[in-house]
Amino acid sequence: MHHGLIGFFIISLGILTTFVHSKTNSQDVSALNVMFTSLNSPSQLSGWKSSGGDPCGDSWEGITCSGSAVTEIRLSDLELTGSLGYLLSNLKSVTYFDMSKNNLNNDIPYQLPPNLAYLDLSNNGFSGTVPYSISQMTDLKYLNLGHNQIKGQLTDMFQKLPKLKTLDLSHNSLSGSLPNSLAKLSGLNTLYLQNNRFTSSINVLAGLPLNKLNVENNKFTGWVPAELEDIDSIETGGNSWSSGPAPPPPPGAKPLSAKHKDHGKDGNGKNGMSGLAIALIVLASLVVLALLITLLSTTRKSSPSSHFLDEERGSQRAFTPLASQELSHDLHNAKHKEFRESESFDSINIKTLQKSPSIGYKPPPSDFTQSLNDNEFASRLNSKRSTSIHAVPYSLADLQTATSNFATGRLIGEGSIGRVYKAKYPDGKVLAVKKIDSSLFQEGQPEFSEIISRISKVHHPNIAELVGYCSEQGHNMLVYEYLRNGSLHEFLHMSDDFSKPLTWNTRVRIALGTARAVEYLHEICSPSFIHKNIKSPNILLDLELNPRLSDYGLANFHHRTSQNLGAGYNAPECTKPSAYTMKSDIYSFGVVMLELLTGRMPFDLTKPTSEQCLVRWATPQLHDIDALERMVDPALRGLYPPKSLSRFADIIALCVQTEAEFRPPMSEVVEALVRLVQRSSMNVRDDLAESRRTEDSEY
């Protein structure tokens with residue numbers, strides 16, 4: 001009896017232990033599966049698998065965990081080859097990532113584990129540019145990309161890295177001048193830039209608290225700032241420094257570095273500045289202050305919106321997604337700290353997939369289901385937008401003040417029916433104001449109040465929300481929420497490779513969200529909407545790159561402008577405005593999907609004649625796997641599941657058919673995209689564990 005009781009406790013303890021042990025987070029497993037395959041499945045990584053497994057429970061080589069989350073990856077000096085895969089952004093809990101001293105090549109993935117404190121990819125064969133996602137790693141303390149083949153210029157990516165202490169970019173092929181944001185690295189004490197092709201001066205480094213600096217063997221010019229000359233260790237040889245004494249500092253002494261703030265006294269400990277000089281400075285300051293007070297009071301009388309004018313003084317700056325100071329204010333919140341543009345397909349919520357009653361659904365394994373249901377994006381996607389928000393009237397005077405009287409510097413878009421301006425308020429609120437061309441309100445057109453009434457009833461997570469309107473003195477305006485990330489058009493066609501953070505999974509997510517928005521307008525709203533203006537400039541992106549379709553409910557105006565879509569988007573039947581139907585919307589949506597696939601403009605005169613019209617060039621190749629891989633946007637750098645690509649192309653082919661009657665309704669397009677997501681999520685072995693270079697006989 002006694003022995004039986006002991007046995008019972010032992011068995012119970014075993015069951016309890018099994019129950020307490022939690023398998024590794026499924027997103028972490030997927031990322032490591034893809035990484036293993038991309039590294040050419042090396043035998044030296046004991047325990048690793050190309051599909052499934054339990055890295056934390058089974059002690060995979062180089063992996064450290066906390067609970068069910070992977071926290072460290074240490075795989076230095078193991079003679080690894082290949083690349084790192086395309087799912088590293090899944091690794092949300094990894095803070096230490098060391099792949100140094102291997103034989104890795106290709107580009108460094110532009111999405112890395114987002115919360116790193118330590119990143120070492122040195123002594124490999126990586127090419128391409130410094131990856132974008134490093135600019136968002138606010139906890140990063142150590143970054144070493146030295147001894148690779150990285151090229152191009154450093155962009156302004158250092159604004160939000162206050163904890164960075166060591167930065168090593170040495171022995172690469174980096175060129176151009178040093179970015180101004182290096183001056184923001186307030187904690188940097190070690191900087192290695194030697195053996196690159198940097199040009200211009202190093203003045204931007206003058207205020208940094210450096211202990212070690214090496215800028216040898218570059219093409220730097222100018223002079224070494226005096227603030228740097230007596231740091232503990234400095235190497236400056238092999239550059240084109242100017243001979244002779246350095247020029248005096250410009251008027252108004254620039255701030256000295258932290259190391260030199262105590263050097264304002266002479267050798268006797270007395271202030272080096274005379275009493276007369278101090279008196280003159282004080283007097284000058286008083287004069288300047290008096291002038292400023294006079295100027296401000298005058299300006300207030302003449303311009304009620306003077307506090308908005310700073311922005312308009314310069315020309316509009318180039319679009320730099322997610323890197324601007326403006327956006328950084330929105331990203332400070334911890335909830336948004338992780339940049340989720342690279343959500344894996346298995347982050348789409350089960351309920352999202354079940355949303356359409358016509359979609360057949362088979363539940364995945366239980367641990368996978370848990371990861372789907374926990375996902376924040378999916379929760380937001382499924383949550384209905386508040387129907388209590390109704391469009392409110394704005395006064396013309398209010399909007400004139402908020403847009404600096406519709407100043408050119410506030411213009412953020414211009415279409416066939418009017419211009420869009422940014423409205424800024426003293427409390428920080430920002431809105432987008434669409435000023436409709438008054439000539440469009442002619443006899444036979446609906447009243448503006450009717451348009452407002454219809455549009456204000458539209459509520460969908462993937463549609464830009466109308467928040468207000470203005471109808472005064474012949475001005476008719478619509479007021480929308482302002483999305484700081486701009487449009488899909490800007491991301492695809494107006495950004496350089498560095499600032500284009502659209503992974504394949506994000507592109508599919510944008511296509512699915514936009515399709516849901518059109519399905520809502522076509523098949524759920526009563527009466528239904530034909531959009532008539534579906535194009536990438538009208539697909540706006542929120543902070544997490546979820547799509548919001550804009551310009552809906554204005555089809556009556558577009559009815560008068562048959563070429564509103566511009567070259568490349570109009571369906572073949574749209575020779576006159578009255579020919580436009582829902583099936584024409586389907587065609588335009590197919591063109592947007594082609595943009596997402598290829599990164600090309602719908603019509604581009606800079607291309608050879610046979611490639612200028614995107615649909616005409618791409619359609620014959622959509623079912624040819626080899627041709628399809630050549631068509632893919634080079635900015636993806638080959639990082640996509642090949643089967644997913646093929647299925648995406650199949651959906652495009654259905655949408656852009658010449659005969660309108662053969663194009664599917666949007667509900668079927670949504671269903672097809674959901675099936676693509678389901679298959680890509682559930683068949684990890686078939687899809688997520690493959691890189692583009694993996695051959696698959698099933699094609």
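Contact here means heavy atoms within 4.5 Å. The structure is a predicted model, in which local features need pLDDT of at least 70 and side-chain atom pairs count only at pLDDT 80 or more, while totals for chains, interfaces and linings use all residues. Residues are numbered from 1 along each chain as its sequence is written, and side-chain values use heavy atoms, with hydrogens and water left out.

The protein chain has 18 helices and 23 strands, taken as DSSP runs (helices H or I, at least four residues; strands E, at least two) and numbered from the N terminus. Of its 699 residues, 52% are buried, where buried means under 20% relative accessible area, exposed over 50%, and partly exposed in between (1.4 Å probe, protein chains only). The accessible surface comes to about 32,000 Å², and 53% of this belongs to carbon and sulfur atoms; areas were computed by the Shrake-Rupley method with a 1.4 Å probe, and for residues only the protein chains shown count as cover. Of the contacts between residues at least 6 apart in sequence, 58% join residues at least 24 apart.

Nonpolar cores were defined as sets of buried Ala, Val, Leu, Ile, Met, Phe, Trp, Tyr and Cys residues joined through side-chain atoms within 4.5 Å. The largest such core has 74 residues, and those with the most contacts inside it are L478, L521, F589, L597, L622, F648 and L673. Helix α12 (residues 504–524) gives the most to this core, with 10 residues. Because domain 1 (389–482) and domain 2 (486–691) both give residues to this core, it lies between them; the domain bounds come from an automatic or database domain assignment. Apart from its neighbours within four places in sequence, L673 is in contact with A511, L512, A515, F589, M593, F648 and I651. A second, separate core has 63 residues, among them C56, L88, L145 and M157.

F648 and I651 are also among the buried residues of helix α17. This helix (residues 642–655) has 14 residues and reaches 20 Å from its first C-alpha to its last, close to the 20 Å expected at 1.5 Å a residue, the expected span being 1.5 Å times one less than the number of residues. Helix α17 is mostly covered, with 11 of its 14 residues buried.

Strands were taken to pair if DSSP finds at least two bridges between them. An open sheet of six strands with mixed pairing has the order β16-β20-β21-β19-β18-β17. Its edge strands, β16 (392–393) and β17 (411–414), each pair on one side only. Within this sheet, β19 (residues 430–436) and β21 (residues 475–481) are antiparallel over six bridges, and V433 has V479 in β21 as its bridge partner.

A further open sheet is made of four strands in parallel pairing, in the order β8-β10-β12-β14. Here β8 (151–153) and β14 (219–220) are the edge strands. Strands β10 (residues 173–176) and β12 (residues 197–200) run parallel and are joined by two bridges; the partner of G176 in β12 is F198.

Strands β1 (residues 63–66) and β2 (residues 69–74) pair in the antiparallel sense over four bridges and form a hairpin with two residues between them. C65 stands opposite V70 in β2, and G67 in the turn has a positive phi of about 65°.

Q111 lies in the loop between β5 (103–104) and β6 (118–120). Q111 is buried, with a relative accessible area of 7%. The C-alpha atoms of Q111 and Y132, 21 residues apart along the chain, are separated by 7.2 Å.
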